[in-house]
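Welcome, and please open your viewer. This tour tells you what to select at each stop and what you will find there.

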Amino acid sequence: MSLPTKRSATTTATTSSSSTSATANFPPMKKAKSQAVSACSSLDPSCNKNGLHHFIPSTAADNDVVFDSSSMTLDDDPKLDDRSPPPAANLSRKKATPPQPAKKLVIKLVKAKPTLPAHFEVDTWAKLQSAIKAIFLKQPDSCDLEKLYQAVNDLCLHKMGGNLYQRIEKECEAHISSVLQSLVGQSPDLVVFLSLVERCWQDLCDQMLMIRGIALYLDRTYVKQTPNVRSLWDMGLHLFRKHLALSPEVEHKTVTGLLRMIERERLGESVDRTLLNHLLKMFTALGIYAESFERPFLDCTSEFYAAEGMKYMQQSDVPDYLKHVEMRLHEEHERCLLYLDASTRKPLIATAERQLLERHISAILDKGFMMLMDGHRTEDLKRMYSLFLRVNALESLRQALSSYIRRAGQGIIMDEEKDKDMVSSLLEFKASLDTIWEESFSKNEAFCNTIKDAFEHLINLRQNRPAELIAKFLDEKLRAGNKGTSEEELEGTLDKVLVLFRFIQGKDVFEAFYKKDLAKRLLLGKSASIDAEKSMISKLKTECGSQFTNKLEGMFKDIELSKEINESFKQSSQARTKLPSGIEMSVHVLTTGYWPTYPPMDVRLPHELNVYQDIFKEFYLSKYSGRRLMWQNSLGHCVLKAEFLKGKKELAVSLFQTVVLMLFNDAQKLSFQDIKDATSIEDKELRRTLQSLACGKVRVLQKVNAIQMKETVEENTSTTERVFQDRQYQVDAAIVRIMKTRKVLSHTLLITELFQQLKFPIKPADLKKRIESLIDREYLERDKSNPQIYNYLA
Amino acid sequence: MRRSAARKSGQSNSIAPITSSAADLFRSASSKASSKEMERIDNLFYSYANISSGLIDPEGIENLCSDMEVDHTDVRILMLAWKMKAEKQGYFTLEEWRRGLKALRADTVNKLKKALPELEKEVKRPSNFVDFYAYSFRYCLTEEKQKSIDIESICQLLDLVLGSHFRAQVDYFIEYLKIQNDYKVINMDQWMGFYHFCTEISFSDLSNYDPELAWPLILDNFVEWMQEKRT
């Protein structure tokens, strides 16, 4: 008990500066500490026990202890006198501060112990109490703050901090309790009530701050040193919370008021956001935000948006609804920035999303997706995409896209009346999907695949015809006479068509028709651009490999070779000596196999042409012995010079037309039978020829040989048939190939392997047919004991 | 008329060949009996055979049938042919005749007639029936390199061989065969397929029919037709 008094005496002696030194002295103290350490370590060997004892704790302890040790230097001095001579450590430390005549400082102990005035604690508290009361009453207090501060200091120093704390607490509690009590039954108007609560809270905060200002020393010493004691500020909050809990009406009314205000704001009214902000900060400060406010708030939100979602989904159309949802989500986000606690943002947004979006995903898609797609509303689709992304509903959107493409595409593919426009419609459709994908679906990979898959599905909905039409579309584009399309445009179209081509499963059908048309373009000289033709071939080559284009390339080679042959024929002696005059002829020599097969057609040619053909044949065979030349008269075309009454004309006509027209050199009138006998052209073909000559819009005109460019029904069916025939061979070959290696194989496995090997679409029933045919032809047999198994018959 | 006369004479002369067989004294009694039986079988053969061809021809078969009091389109005649392993429809060779009648232990028309019910039982044993069923198809292939039979004949044949076993299936199938246009003839594979169909597929719900399996396509179509018909 003697030591504390001694201490207090010394400290009181220095108090004149200590009110500031408590903080101001810290930095020098720290310096002293580090000096002490260095001094200690350097002097370690000579250090005596005392020195060590004093300084080791000081290095390890925190500032408070250092503060103590500084007072100890003063405090210890008398003790030092008592005990041993001053240790070297102390000496060295003194040297760090301005030199002092250390030895000369003598402090004598006062004989009588200083005592406290009799009613020291009571009096001091009375001073403080009146000040606190005044603060609570918002009245000025006579006592100035300096003195009050001093009073707290004094009480603390005399170990009366605990008492003081309890007294302050009591005082605060009384006040807070009465304040909250006063709110009970206050104004029924929620906003007014909320303002009252806010006022009361703000006041209390101010007041608690002032009280803490006065009792700062209490906070710093007693509160810090005593476990389980709240700081004055926390004590205030705690008391508020406690008494708020004791008057549930106030809390409830406050929460309801807040919820009501937010709802009003959602309904479009403007509300006092600052009020909301302050009150919610209060909840946060009191630590009851999550429990007392956030939970009911989220419930309320959920209810509100559930109702709104239902109502709006019925009332408005999808694009408006989506806009509304977007706006709502934005508003809720703002709400979090303006007055809600940041932690509420996630659950709040999630709640709104769930009620406004998640629950209505399928309804939104059912009601509006098709409309948005049909209307190319990229903005709205983009909004839909980004909103759905938020609630992980992209899968639903993707599926909707897939079924949309399938449904919309079906109309394009399946309607036979629209066959003429199928390819251009498909191209348009694809282009629009691509735009939407880019602009609305942020180039989502999965969506891209969906578009591809759906397109592949729909293009193969109908067998063969799309492939045929794609080939024909290309023919139109590559044919001469497409004025106004530049090379680049053409190139672009080819690329786009190639995308469609990629989806086609029966590429052999495409090839057959493409080849047929290409042959006509090449033979009749109707190709728009050989460069474009070659570019298309090389595209097909990269797409399907050289096997696919071998024959097509062979056709080009034939055409080029034919040019050379014609050149050298003209130079040859045969040509110069024997050829009939008045006609010129050029010949295309075509390699069988590269070109489509043409049915041989009989025609009796004019004598001159026969002579010409023979001379050319002689020439050709002399150059390439061992080859066989067959004339395909149905493919020939001629330019005739004719003299009409109105003047000379040149007629571009087919060879058959020529043959017919030539007859009229020698006759005015001929019957069908006459012509038939003279030309020996087959009946049907002759009719066609005559029709083109006599029934065209303008008879016997420049463009008459368009008849050759046109596809006949027979040509079309024979091309298709050839493809099917070819497929049958391929199936047979595949079955035999598989069975040859496997010898014995079950039906199911055979079918599976066939599907893997065959590159065109085929139905299982067709495969069965081929298997049965091979059984019939004794390539295979059904196993005697198990009809599900086939044996290969060598 | 000429033939029936020959037959009668054959019958009356049936004891005549005894002398030749009696000549061999070393033969055992059983072999004697069997050779006698053989003789009787042969004689029976010649009583129906056409002299110039040395075969029992369709006319001969018809006579045989009337002697046995069996209709010549009766399935039992087909069974008899099966027993003889007769190769050509409407004809029995001596070899075939011997094979069949010996197995049936019949050397007279009467015995043959009495053997028929036993033969019918034998044929209906499942192990024999598949063979008989396949045989009946082959038996109808009359031309060189012929592999299939026209729908009309197939319908009759089905009715004959399978009608008693699988009445409902046969009726429906025949109905289908007559209205469809995809097939003009039926081959062995399809023929056998239908037998398996009858024995394996529950009729008429067809619940265990799977077109993914190796059933001939004609049966896939038949089942599809049945199902459409039902709805």
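Here are a few stops, taken one after another.

This is a predicted model, in which local features need pLDDT of at least 70, side-chain atom pairs count only at pLDDT 80 or more, and totals for chains, interfaces and linings use all residues. Residues are numbered from 1 along each chain as its sequence is written, chains are lettered from A and ligands numbered from 1 in the order in which they are written, and side-chain values use heavy atoms, with hydrogens and water left out.

**Stop 1: two helices in chain B**

Select residues 109-124 of chain B, which are helix 7, and residues 126-140, which are helix 8. Helices here are DSSP runs of H or I with at least four residues, numbered from the N terminus. The two axes come within 5 Å and cross at roughly 95°; axes are lines fitted to C-alpha atoms over the stretch in contact, with angles from 0 to 180 degrees between N-to-C directions. That makes helix 7 of chain B roughly perpendicular to helix 8 of chain B (65 to 115 degrees).

Which residues of helix 7 of chain B meet helix 8 of chain B? They are B:E122, B:V123 and B:K124, and they meet B:P126, B:N128, B:F129 and B:F132; contact means heavy atoms within 4.5 Å.

**Stop 2: aromatic rings**

Now select A:F569 and A:F616. Their ring centres are 5.0 Å apart and their planes at 75°, so the pair is edge-to-face. Rings of Phe, Tyr and Trp (its six-membered ring) pair if their centres lie within 6.5 Å, and planes over 60 degrees apart count as edge-to-face. A:F569 lies in helix 26 (residues 546-571) of chain A and A:F616 in helix 28 (residues 607-623) of chain A, 47 residues apart. A:F569 is buried at 2% relative accessibility, and A:F616 is buried at 0%; buried means under 20% relative accessible area, exposed over 50% and partly exposed in between, with a 1.4 Å probe and protein chains only.

Move to chain B for a cluster linked by ring pairs, including B:Y172, B:F197, B:F203 and B:W225. B:F197 is buried at 0%, while B:F203 is partly exposed at 24%.

**Stop 3: a charge over a ring**

Select A:K253 and A:F193: the charged end of A:K253 sits over the ring, 4.4 Å from its centre. The rule asks for NZ of Lys or CZ of Arg within 6 Å of the ring centre and within 35 degrees of the ring normal.

Note on methods. Angles under 35 degrees count as roughly parallel, over 145 as roughly antiparallel, 65 to 115 as roughly perpendicular and the rest as oblique. Rings of Phe, Tyr and Trp (its six-membered ring) pair if their centres lie within 6.5 Å; planes under 30 degrees apart count as stacked, over 60 as edge-to-face and the rest as tilted.
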